Amino acid sequence: MIDYDLDKEHSLLELRPKAPLDKDDFVELAKSVDPQIEAHGDLAGVIVNAPSFPGWDSFGSFVTHMRFVRDHHKHVKKLALVTDSHIGDVAEHLGSHFVSADVRHFPANQLEQARQWVTGD
């Protein structure tokens, strides 16, 4: 399950994974994000706010997640990973090879710094 907020004024998506991710999470995200991208262009950024990463509920959910990333990464300028999980370090280094966004990892207590980095404030 993913809670999220789409700040349309700043073109910023904040994701908060709360439980193992499932396929429907990405269907719902697309329903919210795609119209924003179509109407206003690329997102300034995405913040993944996950003090610990809950994983996926199935391999199919992982595949759906990767498809979502494939279909949307070119429309995201910056990706901030706010987590104390080691997956943040791995994703920062691997992500730069697979997504067009600038990727940066922040410790879980630096949500505001991540927001400032994404918005350029």
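In the predicted model, five strands are arranged as an open sheet in the order S1-S2-S3-S4-S5, with mixed pairing. The edge positions are taken by strand S1 (2-7) and strand S5 (102-106), each of which has a single partner strand, so that one side of each remains without a neighbour in the sheet. From one strand to the next, the twist averages 15°. Strands of a sheet pair through backbone hydrogen bonds, in either a parallel or an antiparallel manner. For S1 and strand S2 (residues 12-17) the sense is antiparallel, and the pairing extends over six bridges; within S2, Leu15 is the bridge partner of Tyr4.

Helix H1 (23-40) lies across S1, S2 and strand S3 (43-49), and runs at about 5° to S1. Helix H4 (residues 111-119) also packs on the sheet, where it touches S2, S3, S4 and S5, and its direction makes about 170° with that of S4.

Helix H2 (residues 59-72) comprises 14 residues, which at 1.5 Å a residue should span 20 Å; the end C-alpha atoms of H2 are 20 Å apart, in agreement with this expectation. Ser61, Thr64, His65, Phe68 and His72 are the buried residues of H2, and because they cover an arc of only 105° around the axis, they are placed on the same side of the helix. These buried residues pack against H1 and strand S4 (76-82), whereas Phe59 and Arg70, on the other side of H2, are exposed.

Definitions and conventions: Residues numbered from 1 in each chain as written. Predicted model: local features only at pLDDT ≥ 70, side-chain atom pairs only at ≥ 80, totals over all residues. Heavy atoms only, no water. Helix = DSSP H or I, 4+ residues; strand = E, 2+ residues; numbered from the N terminus. Expected span 1.5 Å × (residues − 1). Buried < 20%, exposed > 50% of the residue type's maximum accessible area, 1.4 Å probe, protein only. Arc of directions from axis to C-beta. Contact = heavy atoms within 4.5 Å. Pairing = 2+ DSSP bridges. Axes fitted to C-alpha atoms, helices over the stretch in contact; angles between N-to-C directions.
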